[in-house]
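User: I'd like to learn how to read a few side-chain features. Can we go through them together?

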Amino acid sequence: MRDFLCRRCGQRLTFENSLCLHCGSALGFWPAAGTMVLLDGSGHAVIAGTSVRRCANSVRAQCNWLVPKDHRSALCASCRLTRTRPRDEDIRAVAVFGQVETAKRRVIWELSELGLPIVARADDPRSGLAFDLLSSRDVSVITGHCAGVITLDLAEGYPVHRERQRVELAERYRTVIGHFRHELGHYYQMVLVDEAPDPARAAEFRRLFGDPDADYDAALRRHHSRGAPRDWSASHVSGYATMHPREDFAETFAHYLHIRDTLDTAARFAMAPSEAALDETPADVADFDRLIACWLPTIWAFNQINRSMGHSGLYPFVLAEPVVEKMRFVHDLTLSERVAEHARTA
């Protein structure tokens, strides 16, 4: 994630800021340029001749993204992807809904910078991307993905619930952003592998991850009854990745996004080589080995910094060689999409 500055006073800003805490200026994020914009008193601005305004979800979803004033929708590109949200009467769920949407915007922006295709459900009713962000107060909600629709239990936005689940499931890491990245892994397997015109992608997937059509229910029962093998870290990025080839890909995809965003942020603050930044051209990030070479010393330093503050490692995982090869496959998939996107917009 890049470093932002207030254009009025020079104060450093976060990706989530809608107000400069130093000079009080109203701000909005303009996705088309990836920059923070000063807004007038009515929440509007003109950028390169385009009149823009705040997303209509600026309060409900704590959204700071901007929308062209003449756009057919009052919602920004991220908020338009949310198909279902909690009822206004569900006060607790509505409160955490904004936090979850904030995490979603960060992930959607990362996907955009990587050049991955984001096709909304409204444009592709069969397999377009949509999010159902549901409250489990009254009914059971299962976080997951199905044919482009990602469902998330908003209870994951509560730290106590999330930590309890993490401990019960013996997970090393559990965040809302992690959930989104994992479920998007399922979505991009469908888009970039299952539905790809090139059969070589599916063949390589099988070689690295296994049979995606293996009995999922049987694998799930086996995982819940036996757990992950003791030596899972020798070939998988997480214990859950051992459950099924599809989960292995989703976990690997999520960790690839973890690494790319962390490296991008580190590069913005001169804590990693500049070539690790996501806005470099495809040729600059084509070398996966160079990417991993940037990652290893960077995360080693971050892990030690965390421990200096009494926390566990920021990234408590080991990337064994089979995991690196799987991640290389994910990198090649995303790079091919980025090259195509770069060619279209050049």
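User: Are Phe15 and Trp65 buried or exposed?

Analyst: Buried means under 20% relative accessible area, exposed over 50%, partly exposed in between (1.4 Å probe, protein chains only). Both Phe15 and Trp65 are buried. Keep in mind that this is a predicted model, where local features need pLDDT of at least 70, side-chain atom pairs count only at pLDDT 80 or more, and totals for chains, interfaces and linings use all residues. Numbering runs from 1 along each chain as its sequence is written, and side-chain values use heavy atoms, leaving out hydrogens and water.

User: How many aromatic pairs are there?

Analyst: Rings of Phe, Tyr and Trp (its six-membered ring) pair if their centres lie within 6.5 Å; planes under 30 degrees apart are stacked, over 60 edge-to-face, the rest tilted. The whole structure has 17 such pairs. Phe15 and Trp65 make an edge-to-face one, 6.4 Å centre to centre with 80° between the planes. Ring pairs also link Tyr187, Tyr188, Phe205, Phe209, Phe249, Phe253 and Phe329 into a cluster.

User: Which ring does Arg92 lie over?

Analyst: A charge sits over a ring if NZ of Lys or CZ of Arg is within 6 Å of the ring centre and within 35 degrees of the ring normal. Arg92 is over the face of Tyr158, 4.6 Å from the ring centre. Lys104 does likewise with Phe131, at 5.2 Å.

User: What is the relative accessible area of Asp132?

Analyst: That's 8%, so Asp132 is buried.
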